[in-house]
Amino acid sequence: MSTLDYAGEYPVLDNKVTFFRENGYVRFDNVLSMEEVEALRTVLADAMDHRQGFVRDLAKKSDSEEADKILQMVNLWEHFDAIKAYSMSTRLAGMARRLTGSPTVRLFHDQALVKKPGPSAASPWHQDQPYWPSKEPGMISCWMALDNVTIEKGCMQFIPGSHKWGEFAPMSFTGEGPTVDELLSDEQKAKWHPTPVELKAGDCTWHHGLTWHYTNPNTTNEIRRALVTIYIPEGINYAAEEKMEHVLTPTITSRKGEPLRGTAFPVLG
Ligand SMILES: O=C(O)CCC(=O)C(=O)O
């Protein structure tokens, strides 16, 4: 069993905070050591074998279709001590506090997102905020690469500055519903400049819940494993029926308009 605690501060310099505020995303290198990456890879292999908790293929259209084009496993921290140590670590919570400017943050959830070699799908252009039960924007995600990622393998791509465009409709991972072209204004289309961020294992990007982002299908013959953790800063309230149902909605203990709290959302200081 892993004894790593993912403690220790990762310094988030002012220029990184400024970049994040301006662009809605930011990258950090060497946030995890290779030993820490290896420990998470080992747990992920176990999780993929045993499939506890909420697991699905985000791109699956019907039961007859081949599964695991985009394998999503939510809240692995509830099943694996190593992921609990990682998702609730002071290192990540400290980065989340710096980027949001919030004195404390809660963990919303973690999720492994895996694109295996073989059939895989694009994660379509989308914002995260429309899927979340939060009334106000401000929640942020850390996308940690557990493999070296290139465009072809499915690294994150962002539209810089798009977190300032407001909240749009949730996009479908299976291709139904409106296209990006139908949603954006001409002015926004003129500013649509996809920016891929290739990473090494142990590097990560953070993105704002309103930032438009995308990943390619994995067309390489190596696995692409990412571990995503999402944090709630102070000042985010529960939107209740105004937003779509989220898998963690049943764990929410707030009433509509109250700060977003839940039995599954621990305060990380
Ligand atoms: O890893 C992916 O394919 C998509 C990631 C994503 O959409 C997210 O972390 O919000």
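1. Let me start with the ligand. In this predicted model, its surroundings are formed by Leu113, Lys115, Ser123, His126, Asp128, Trp143, Met156, His207, His213, Thr215, Arg224 and Val228 (a residue is near a molecule if one of its heavy atoms lies within 4 Å of it). Sorted by class, this shell holds 4 nonpolar, 5 polar and 3 charged residues; here Ala, Val, Leu, Ile, Met, Phe, Trp, Tyr, Cys and Pro count as nonpolar, Asp, Glu, Lys and Arg as charged, and the others, Gly among them, as polar.

2. Residue numbers run from 1 along each chain as its sequence is written, and side-chain values use heavy atoms, with hydrogens and water left out. Because the model is predicted, local features need pLDDT of at least 70 and side-chain atom pairs count only at pLDDT 80 or more, while totals for chains, interfaces and linings use all residues.

3. An N or O atom in the side chain of Thr215 is 2.7 Å from a ligand oxygen, a polar side-chain atom of Trp143 lies 2.9 Å from an oxygen of the ligand, and for His207 the corresponding distance is 3.3 Å. A polar contact is a pair of N or O atoms within 3.5 Å; within protein, one must be able to donate a hydrogen and the other to accept it, and residues adjacent in sequence count only if both atoms are side-chain atoms. The protein covers 96% of the 290 Å² of accessible area that the ligand has on its own (Shrake-Rupley method, 1.4 Å probe; for residues, only the protein chains shown count as cover).

4. Which elements give two or more residues to the shell around the ligand? They are β4 (105-115), β5 (123-126), β10 (213-215) and β11 (224-233). Helices (H or I, at least four residues) and strands (E, at least two) are DSSP runs, numbered from the N terminus.

5. Two loop residues deserve a look. Asp147 sits in the loop between β6 (140-145) and β7 (156-158), and it counts as buried because its relative accessibility is 6%. Buried means under 20% relative accessible area, exposed over 50%, and partly exposed in between (1.4 Å probe, protein chains only). The side chain of Asp147 makes a polar contact of 2.6 Å with that of Arg225. Thr211, in the loop between β9 (204-208) and β10, is buried too, at 0% relative accessibility; a polar atom of its side chain lies 2.7 Å from the backbone oxygen of Gly24.

6. In the segment after β11, please check two residues. Glu241 is found there and is exposed at 61% relative accessibility; its side chain joins that of Lys256 through a polar contact of 2.8 Å. Glu241 and Pro133 are 108 residues apart in sequence, with 8.5 Å between their C-alpha atoms. Ala240 also belongs to this segment; it is buried, with a relative accessible area of 16%, and its phi is near 50°, a positive value in a residue other than glycine.

7. Another positive phi is found at Asn30, about 50° although Asn30 is not a glycine. This residue lies in the loop between β1 (25-28) and α2 (34-50) and is exposed, at 52% relative accessible area. In helix α4 (residues 90-100), the buried residues include Arg91, Met95 and Leu99.
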